[in-house]
Amino acid sequence: MDGGHMHGMGGMAPTPPSTNDSSMMMHHHKMMMMMHMTFFWGKDADILFNNWPGGKSGMYALALVFVFVMAVFVELLSHTRFIKPGSNHVVAGLIKTLLHVLRIGLAYLVMLALMSFNGGVFLVAVLGHALGFFLSTMAFDKPPHDEGFDLPPISC
């Protein structure tokens, strides 16, 4: 702190040690609450859940695969036709609603994972969206229908 104003977390001076145990616990708690606000590289990140992946390389790789798969599914749900033309309108509406809920839920989870500011998470999310888009538009290229895709495009 400088004159009562914070100029970033990097400029904060640690509080001097105290003999009071509750003061030490409060200081330790405040230090644990800090999080990265810029991109960083490494396996020591909390992705989606507290202490996950926990600094372990294998769990970090699993977290990256999880984010990648979620990003692929977001794109597949956005650009693939699941409902056949001429289906019952009520059933088609319910399926579209469930697909929309699933897509938005996955998109929010990918966004929350990106908020870890980990460079690896960012890369796998972008690559997952790219692969999902490629698979849904090129590999599963179907003749276009008059109505387009089942779900409208995601807008930010």
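Rings of Phe, Tyr and Trp (its six-membered ring) are paired if their centres lie within 6.5 Å, and planes under 30 degrees apart count as stacked, over 60 as edge-to-face and the rest as tilted. By this rule the structure holds four aromatic pairs. In one of them, the rings of F39 and F117 have centres 5.7 Å apart and planes at 70°, so the pair is edge-to-face. This pair links distant parts of the chain, 78 residues apart: F39 lies in the loop between α1 (21-33) and α2 (57-79), and F117 in the loop between α3 and α4. Ring pairs also link F39, F117 and F122 into a cluster.

The structure is a predicted model, in which local features need pLDDT of at least 70 and side-chain atom pairs count only at pLDDT 80 or more, while totals for chains, interfaces and linings use all residues. Residues are numbered from 1 along each chain as its sequence is written, and side-chain values use heavy atoms, with hydrogens and water left out. The pLDDT, the predictor's confidence in each residue from 0 to 100, averages 78 for the protein, and 67% of the residues score at least 70. Over residues 1-13 pLDDT stays under 50, and the model has nine contacts beyond four places in sequence for this stretch; contact means heavy atoms within 4.5 Å. Where pLDDT is low, the predicted coordinates should not be read in detail.

The secondary structure comes to four helices and zero strands, with the elements running α-α-α-α from the N terminus on. Here helices (H or I, at least four residues) and strands (E, at least two) are DSSP runs, numbered from the N terminus. Among contacts with a separation of 6 or more, 70% are between residues 24 or more positions apart. Buried residues make up 25% of the 156 residues, where buried means under 20% relative accessible area, exposed over 50%, and partly exposed in between (1.4 Å probe, protein chains only).

G128 is found in helix α4 and is buried, with a relative accessible area of 0%. Not counting residues up to four places away in sequence, G128 touches F68, A71 and V72. The C-alpha atoms of G128 and V69 are separated by 6.5 Å, although these residues are 59 apart along the chain. L106 lies in helix α3 and is also buried, at a relative accessible area of 14%. Beyond its neighbours within four places in sequence, L106 is in contact with M70, F73, V74 and L77. Between the C-alpha atoms of L106 and V72, 34 residues apart along the chain, the separation is 9.8 Å.

The loop between α3 (89-114) and α4 (119-139) holds S116, which is buried with a relative accessible area of 11%. The side chain of S116 reaches the backbone oxygen of A113 at 2.8 Å. Leaving aside neighbours within four places in sequence, S116 is in contact with F40, D46, I47 and V121. F117, by contrast, is partly exposed, at 22% relative accessible area.

Charged side chains complete the picture. Side chains of opposite charge can pair when their charged atoms come close. A salt bridge is a side-chain nitrogen of Lys or Arg within 4 Å of a carboxyl oxygen of Asp or Glu, and the count comes to one. The side chains of K43 and D44 meet in this salt bridge (3.9 Å, N to O). K43 counts as partly exposed at 31% relative accessibility, whereas D44, at 54%, counts as exposed.

Methods: Polar contact = N/O pair within 3.5 Å; in protein donor to acceptor, adjacent residues only side chain to side chain.
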